[in-house]
Amino acid sequence: MKDLYKILGVERTADDTTIKRAYRKLARQYHPDRNPGDKQAESTFKEVQDAFEILSDKDKKAKYD
């Protein structure tokens, strides 16, 4: 399993605000609309979304940790 914290570039001790800030930065950077036709960026964007979905939900985050 991939390290979701590493995907977002945050420490395991990061709070919700830090996680959200990192997600927004990466989502903008790798968004398919900003990188048309770039399959690598699209793949990274999906990873970032999945990581944020888990780490932003307290129950899912607790299960992951």
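Ser56 sits in the loop that joins helix 3 and helix 4 of this predicted model. With a relative accessible area of 37%, Ser56 is partly exposed, because it falls between the limits of under 20% for buried and over 50% for exposed. Thr44 is 12 residues from Ser56 in sequence, and the two C-alpha atoms are 18 Å apart in space. Thr17, by contrast, is 39 residues away from Ser56 along the chain, with a C-alpha separation of 9.4 Å. Thr17 belongs to helix 2 and is partly exposed, at a relative accessible area of 45%.

**Helix 2 and helix 3**

Helix 2 covers residues 16-30 and helix 3 covers residues 39-55; their axes come within 9 Å and cross at roughly 160°. The two helices are therefore roughly antiparallel, since the angle is over 145 degrees. Their crossing is left-handed. On the side of helix 2, the contact is made by Ile19, Lys20, Tyr23, Leu26, Ala27 and Tyr30. Helix 3 contributes Ala41, Glu42, Thr44, Phe45, Val48, Gln49, Phe52 and Leu55. Sorted by class, this contact of helix 2 with helix 3 has 10 nonpolar, two polar and two charged residues. Thr44, whose distance to Ser56 was given above, is one of the contact residues of helix 3.

**Aromatic pairs**

A search of the whole structure finds two aromatic pairs. Such a pair of rings is described by the distance of the centres and the angle of the planes.

| Pair | Distance of centres | Angle of planes | Arrangement |
|---|---|---|---|
| Tyr5 and Tyr64 | 6.0 Å | 45° | tilted |
| Tyr23 and Phe52 | 4.1 Å | 10° | stacked |

What parts of the chain does the pair of Tyr5 and Tyr64 tie together? Tyr5 lies in helix 1 (residues 4-8) and Tyr64 in helix 4 (residues 58-64), so the pair links parts that are 59 residues apart in sequence. Both of these tyrosines are buried. The planes of Tyr5 and Tyr64 stand at 45°, so the pair counts as tilted.

With Tyr23 in helix 2 and Phe52 in helix 3, the pair ties together parts 29 residues apart in sequence. Tyr23 and Phe52 are buried.

Notes: Residues numbered from 1 in each chain as written. Predicted model: local features only at pLDDT ≥ 70, side-chain atom pairs only at ≥ 80, totals over all residues. Heavy atoms only, no water. Axes fitted to C-alpha atoms, helices over the stretch in contact; angles between N-to-C directions. Helix = DSSP H or I, 4+ residues; strand = E, 2+ residues; numbered from the N terminus. Parallel < 35°, antiparallel > 145°, perpendicular 65-115°, else oblique. Left-handed = near helix turned anticlockwise from the far one by under 90°. Contact = heavy atoms within 4.5 Å. Nonpolar A, V, L, I, M, F, W, Y, C, P; charged D, E, K, R; others polar. Phe/Tyr/Trp six-rings, centres within 6.5 Å; stacked < 30°, edge-to-face > 60°. Buried < 20%, exposed > 50% of the residue type's maximum accessible area, 1.4 Å probe, protein only.
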